[in-house]
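This briefing is organised by topic and is meant to be read alongside the sequence and the model.

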Amino acid sequence: MGGTSWLLDLNLLALAALACGGGALLFAMGAWASGLSASPLPPVGGNAVAGANLGFVAPLAGVVMVFVTTLTWLQYNRLQSATQREATRLILLTESAASLGEPGRAHLFEAIAGYARAVAGPEWEAMAQGGRSEFATQRMEGLVRAYAAAEPATRREWQVLQFGSSLIRELGSEREARLQAAAAASNPALLGFLAVTVALSVAQALFLTPPTMATKLAMGALFTGSLMLAALYAFVLSHPFAGPARLSSAPFEHVALRVGR
Amino acid sequence: MTLETPEGLLLWLAQQPTWIVAALLFGLGILFTLGGVLLTNAYLTPQRLIANNAVASFKFAFMAEIFAGLMAFLLVGAGDRYFTANSQVFSEVAMLDGLRVVVDVMPEIERRPFEQALAEYAGAVAGAEWESMARGDESPFAAAAFEAMLAQWFALAPSTPQENSAVLLGNQMIAVAAEARVNRLNNNVSQTVASLSWFTLLGLAAATIAFNWFFGTGSLRSQLAMALVLSIGIMTCTVLAFLLSFPFAGEHAIDPAPFVALAT
């Protein structure tokens, strides 16, 4: 996240204002810089050529925008879904374990709560960096061992433990899905690709010369501000652990609380 | 819910009848379009605007590509969420109904607490949770009722081979019901993300409409007419995407009737 972390502390309106205002300022600087070197009059046929080039860049930019936006949205949604599904399986494990006798129930409760707390705590922080927590991995292994070592006293307990075993298997898959989605969510390469596309589009637009500088700046501000707004959407969604679209570890905290009851 | 935040405003609008949503969005779009055209024509001469047409049209065509792409993304996403949420409702109800059938093999004294817990959960979903989902939230009351239903299920003590088979089958059904519940709640996008999506789309729509102000024609009337047609086109897509984005709010909200039937 590095140098952009302070941006994510801003609210949505401030971020949008910064993106649009910053874009307009960049365009204005570009217009000023291009005005320094170009002749006061637009070159003959210059707008037609610049317009044709912009017409070529437009569908490419559109495709890149949709590609990056869709991908970041899918990764975000995958992470959110995997988190919820994993927490729901932990709830099912908790409720099923509650029907067991002691001391089996206490051991399983401890293992479930330990894993839930490890995910809500150290692993949530690790996921923000695209990683995983060794502590949470150990807690997961402890949970698996607890179920493997459980001794049913009745046929009903055997059924409950069998059900729990299938949930443990699914839990492992959902955990991996969650961690992979977290690692893929923040993709600097994707955002860099988007930034380059926006920059190229703005640069191409600078070659167009309207009759007055005022209209050039006004249209340029609208043009660049729109591109920055669209890029902002992908930027915010690509940071699922910070900023306006921050995902909460509350589902896992709820599991730990539930076990405690 | 407060109208002072963008999220509050979106939620309020989502809960209004369709004709109010359409009237507001179309009305605002048309006013913005026509007002801007009149304003620019008041401050700039038609000749200056006409001289701008070539450059403005190139940039306008570019923005059309970006707007269309993002609109397609939002429309497809909203439509998918709406129809998936609908199917998840029926999926969850089918499993819960299956549990009612499965538990029937047990003696009444054994199965009664579970049946009551299931009815209470269904009632909580149809009532409190449906209202919460209209706001993009889940209901803690319904979540607690769900956990209570799970507790009653796992408290069942089968004593015959038939009852054992029923419980084994029921375990699979309850897992599927839990999955469907999670998917139903997940499809109801969080208000923050919904606000972000709408913020972006409406900002782009406004910028696209505003670009139109920099065009000039020899006739203000024809320019106003073209701007009106453009605005209607943009707002039609916007209204459609808006109506699909809130599957549990408004006139086209998904019906809780399947859960109501389970609660009785």
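Arg78(A) is located in helix H2 of chain A, where helices (H or I, at least four residues) are DSSP runs numbered from the N terminus. Arg78(A) is partly exposed, at 46% relative accessibility; buried means under 20% relative accessible area, exposed over 50%, and partly exposed in between, with a 1.4 Å probe and protein chains only. Between Arg78(A) and Ala185(A) there are 107 residues of sequence separation and 9.2 Å of space, C-alpha to C-alpha.

**Basis of the values**

- This is a predicted model, in which local features need pLDDT of at least 70 and side-chain atom pairs count only at pLDDT 80 or more, while totals for chains, interfaces and linings use all residues.
- Residues are numbered from 1 along each chain as its sequence is written, chains are lettered from A and ligands numbered from 1 in the order in which they are written, and side-chain values use heavy atoms, with hydrogens and water left out.

**Interface of chain A and chain B**

- Chain A brings 62 residues to the contact and chain B brings 48 residues, contact being heavy atoms within 4.5 Å.
- About 4900 Å² is buried between the two chains, 74% of it from carbon and sulfur atoms; buried area is the accessible area (1.4 Å probe) that two parts lose on being put together, summed over both.
- On the chain A side, the most area is lost to chain B by Arg156(A), Met219(A) and Tyr233(A), together 14% of what that side buries.
- Chain A and chain B share 3 salt bridges, each a side-chain nitrogen of Lys or Arg within 4 Å of a carboxyl oxygen of Asp or Glu.
- A salt bridge joins the side chains of Arg85(A) and Glu179(B), at 3.8 Å from N to O.
- H2(A) gives the largest share of the side of chain A that touches chain B, 26 residues.

**Helix H2 of chain B**

- Thr40(B) is in helix H2 of chain B and is buried, with 12% relative accessibility.
- Leaving out residues up to four places away in sequence, Thr40(B) touches Leu49(B) and Trp213(B).
- Leu28(B) also belongs to helix H2 of chain B, but is exposed because its relative accessible area is 54%.

**Nonpolar surface patch**

- Leu28(B) forms a nonpolar surface patch with Leu9(B), Trp12(B) and Leu24(B), with about 360 Å² of accessible area together.
- Helix H1 (6-14) and helix H2 (18-43) of chain B are the elements that give two or more residues to this patch.
- Patches are made of residues with over 30% relative accessible area and no salt bridge, with nonpolar side chains (Val, Leu, Ile, Met, Phe, Trp, Tyr) joined within 5 Å and like charges within 9 Å.
- Accessible areas come from the Shrake-Rupley method with a 1.4 Å probe, and for residues only the protein chains shown count as cover.
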